[in-house]
Amino acid sequence: AVLEGGEPKVIANAEGNRTTPSVVAFKDGERQVGEVAKRQSITNPNTIMSIKRHMGTDYKVEIEGKDYTPQEVSAIILEHLKSYAESYLGETVSKAVITVPAYFNDAERQATKDAGKIAGLEGKRIINEPTAAALAYGLDKTDEDQTILVYDLGGGTFMVSILELGDGVFEVRSTAGDNRLGGDDFDQVIIDHLVSEFKKENGIDLSKDKMALQRLKDAAEKAKKDLSGVSSTQISLPFITAGEAGPLHLELTLTRAKFEELSSHLVERTMGPVRQALQDAGLSASEIDKVILVGGSTRIPAVQEAIKKETGKEAHKGVNPDE
């Protein structure tokens, strides 16, 4: 994003999307970043996802005979973002404000700064993600002191933070979460359901077929998104595989009720950290003034319902949760 006339404007990438998946893939010495990399993540073993989990550690990933550090992989993503920002602006971008999870320690924050440096970006400021979310809602512009709960359910991680706002300054009171829980897990329960239904009907296990699995993953993500707006969706994957008698097709109607049943344990898993963050901040739910939702997965109706039940508050939804 860039500031235009004092307002932040999100810059669209080459595909015209306003968000870019943090996925890097290598194919025959060539690098792919974002949507294209994500689309072949199952079929191409040289794909790196969720590198953020390894920031600040000595983890390395070997691709095509070369070792990459988390900083180097992150830098590849940042370089990609930097390049399309530059083509939009028509000038070189050399400085950036970078956000990190509130629970990142000094090593993780330094690694994030280093990734920026490798990508040719000087990190002017490192800001906590929940603080950035509160700023997006303009909550720093209010005069009264407030206690804000930020519920952030991303693609691969979940985090809840409680912020104290006083005199225009944000302080993180507590943070809790699960960095192995996110939107991908909601996709996975749909994939598992599709695999088991298809196996019941045709006796073939699609989870053993990488090409089929990639199509299932894409269809599951689309169905999940559809069910945030409608109560049932049709999943149709022609020629998903072949049996003795020839090609087989996958046709299935998935209702929101079924999806909620399949994913209820995931929604419940996010409530543990919510209670933990409240406890660590020494607060009861009634002492929270505002609830902010961040991350695309917070569009799931069951997620919104669960937060409302837990906090007794309607969440703010004025800003696009992905941005």
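Hi everyone, let me start with the second largest pocket, which has a volume of about 290 Å³. A pocket here is an open set of points on a 1 Å grid over the protein atoms alone, with protein on both sides within 12 Å along at least five of seven lines. The volume is the space filled by probe spheres set on the points, and grid points are joined across faces, edges and corners.

Two notes on the source. This is a predicted model, where local features need pLDDT of at least 70 and side-chain atom pairs count only at pLDDT 80 or more, while totals for chains, interfaces and linings use all residues. Residues are numbered from 1 along each chain as its sequence is written, and side-chain values use heavy atoms, with hydrogens and water left out.

The lining divides into five nonpolar, six polar and six charged residues. By class, Ala, Val, Leu, Ile, Met, Phe, Trp, Tyr, Cys and Pro are nonpolar, Asp, Glu, Lys and Arg are charged, and the others, Gly among them, are polar.

Which helix gives the most to this lining? That is H5, with six residues. Helices are DSSP runs of H or I, at least four residues, and strands are runs of E, at least two, numbered from the N terminus.

Now the helix pair itself. H5 (residues 183–202) and H6 (residues 210–226) pack at about 115°, with axes 8 Å apart. Axes are lines fitted to C-alpha atoms over the stretch in contact, and angles run from 0 to 180 degrees between N-to-C directions. The contact (heavy atoms within 4.5 Å) includes Phe186 and Ile190 of H5 and Leu213 and Leu216 of H6. Its residues divide into eight nonpolar, one polar and five charged.

Next, is Glu129 buried or exposed? Glu129 sits in helix H4 (residues 129–136) and counts as buried because its relative accessibility is 17%; buried means under 20%, exposed over 50% and partly exposed in between, with a 1.4 Å probe and protein chains only. Beyond four places in sequence, Glu129 touches Lys52, Thr99, Val100, Pro101, Asp152 and Met159.

Finally, Arg18 lies in the loop between strands S2 (7–9) and S3 (24–27). At 45% relative accessibility, Arg18 is partly exposed. Its contacts beyond four places are Val10, Ile11, Ala12 and Glu323.

Definitions and conventions: 1 Å grid on protein atoms, 1.4 Å probe; cavity = no way out; pocket = protein on both sides within 12 Å on 5 of 7 lines; lining within 4 Å.
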